[in-house]
Each structure stands twice: as C-alpha cells, then as structure tokens.
Amino acid sequence: MANILTTVRIICAPLILIFPAFSTQFYVFYLLGGITDAIDGTVARKLGKATAWGAKYDSAADILFALAALIRIIGSVDFPLWLLLWIGTIAFIKAANMIAGFLRYHRFTAVHSVWNKVCGVAVFLSPLFIGAECAWQAKAPAAMAVCVIASIAAVQESVCIAKGGRAE
C-alpha cells in the first residue's frame, strides 16, 4: 500500500508539468503528491511493511516530484536574480551532499533531520503563497524564510555527512 502511495507521487510529477502553474489542475496534483508523501511512510510503518527499498523509492519519488514542481514554478514566476542564485546555491549544496554521501557510504544517503523535515514542509507550502495574486514585495519575506530554512537544512546535512553522523 505504501509503495502504491509513493507511485501516485511519481505519477503526479509529470502531471504537474503538463498543467499551467497555479492552475486548479496543478494544485490538485501538487496537493495529491504532497499528501501521499506525508502518509506513505506512516502507512508502511503501521502495516509493518517498511523496507530499505521502500525508503529509497520514497526518496527517489521525492526528488522527481520536487524537480517537477521546481521546473514548473521557476519557469512560471519572475523571481528576482538574487533569489534564483540563492535557490541555485541550495540545490548545489544538496547535490554535493548526495554525491558526498554516496562517496562516503557507497550508497544513496538521506539525512532525516528535523531541519530537513521542516524544510520539506516549508518548501511544499511555498507554491501556495508564491501563486497568490499580489505584488512580489508581499511574497519576498515568505520566500526568504523558506530559503533560510532550506539553507540551514542543507548545511546541517553537509555537517552530518562530513562527521559520519546518522545517514539513512
């Protein structure tokens, strides 16, 4: 059942690319993908079906879904250059963390920290306010808050991988 929920998120990824950003259809598939992300792990644990493969499948689905959302949103909003550079820097650090984790542990690693979970929620909620019909100046503080949270999470992940901390 949990893997079915994860598969639904993988199916939602290309669907959010098909529909215009912030349209009703976009939000339906975006929210469906988010809901399945929130419950698939809980379902697996409650049913006693949590596996290492399922965790990797979930992480792959997360990456595909996040990339699809990022592509659709970045291409649809006129972000200021400084914000695009900040987002790009965070993405670079996250990619470097994936590579460093693989080189260190010889497998895909994901650090499941509180900051990464808070970051996931903040990033997931961001299209709900970025798509709002208001001036960019009204959206900027929320966008900056999400970037601060994501920056802290990315740096914490780097430190954890470098120190050989708990990586899953």
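Which residues form one aromatic cluster? Phe22, Phe26, Tyr27, Tyr30, Phe65 and Phe124 do.

This is a predicted model, in which local features need pLDDT of at least 70, side-chain atom pairs count only at pLDDT 80 or more, and totals for chains, interfaces and linings use all residues. Residues are numbered from 1 along each chain as its sequence is written, and side-chain values use heavy atoms, with hydrogens and water left out.

**Confidence**

The predictor's confidence in each residue is its pLDDT, from 0 to 100. The protein chain has a mean pLDDT of 89. In that chain, 98% of residues reach 70 or more. Among its elements, helix 1 (residues 2–18) has the highest mean, 95. Helix 5 (residues 114–130) has the lowest, 88. Helices here are DSSP runs (H or I, at least four residues), numbered from the N terminus. Where pLDDT is low, the predicted coordinates should not be read in detail.

**Aromatic pairs**

A search of the whole structure finds nine aromatic pairs. Two of them are tabled below.

| Pair | Centre to centre | Angle between planes | Type |
|---|---|---|---|
| Phe22 and Tyr27 | 6.2 Å | 45° | tilted |
| Phe26 and Tyr27 | 5.4 Å | 70° | edge-to-face |

Rings of Phe, Tyr and Trp (its six-membered ring) pair if their centres lie within 6.5 Å; planes under 30 degrees apart count as stacked, over 60 as edge-to-face and the rest as tilted. Phe26 and Tyr27 are both buried. Tyr27 counts as buried because its relative accessibility is 19%. Buried means under 20% relative accessible area, exposed over 50%, and partly exposed in between (1.4 Å probe, protein chains only).

Ala13 lies in helix 1. Its relative accessible area is 5%, so Ala13 is buried. The C-alpha atoms of Ala13 and Ile39 are separated by 17 Å. Along the chain, these two are 26 residues apart.

Asp58 lies in helix 3. Asp58 counts as buried because its relative accessibility is 17%. Its side chain makes a polar contact with the side chain of Arg9 (2.5 Å). Such a contact is a pair of N or O atoms within 3.5 Å; within protein, one must be able to donate a hydrogen and the other to accept it, and residues adjacent in sequence count only if both atoms are side-chain atoms.

Leu17 is in helix 1. At 31% relative accessibility, Leu17 is partly exposed.

Technical notes
Helix = DSSP H or I, 4+ residues; strand = E, 2+ residues; numbered from the N terminus.
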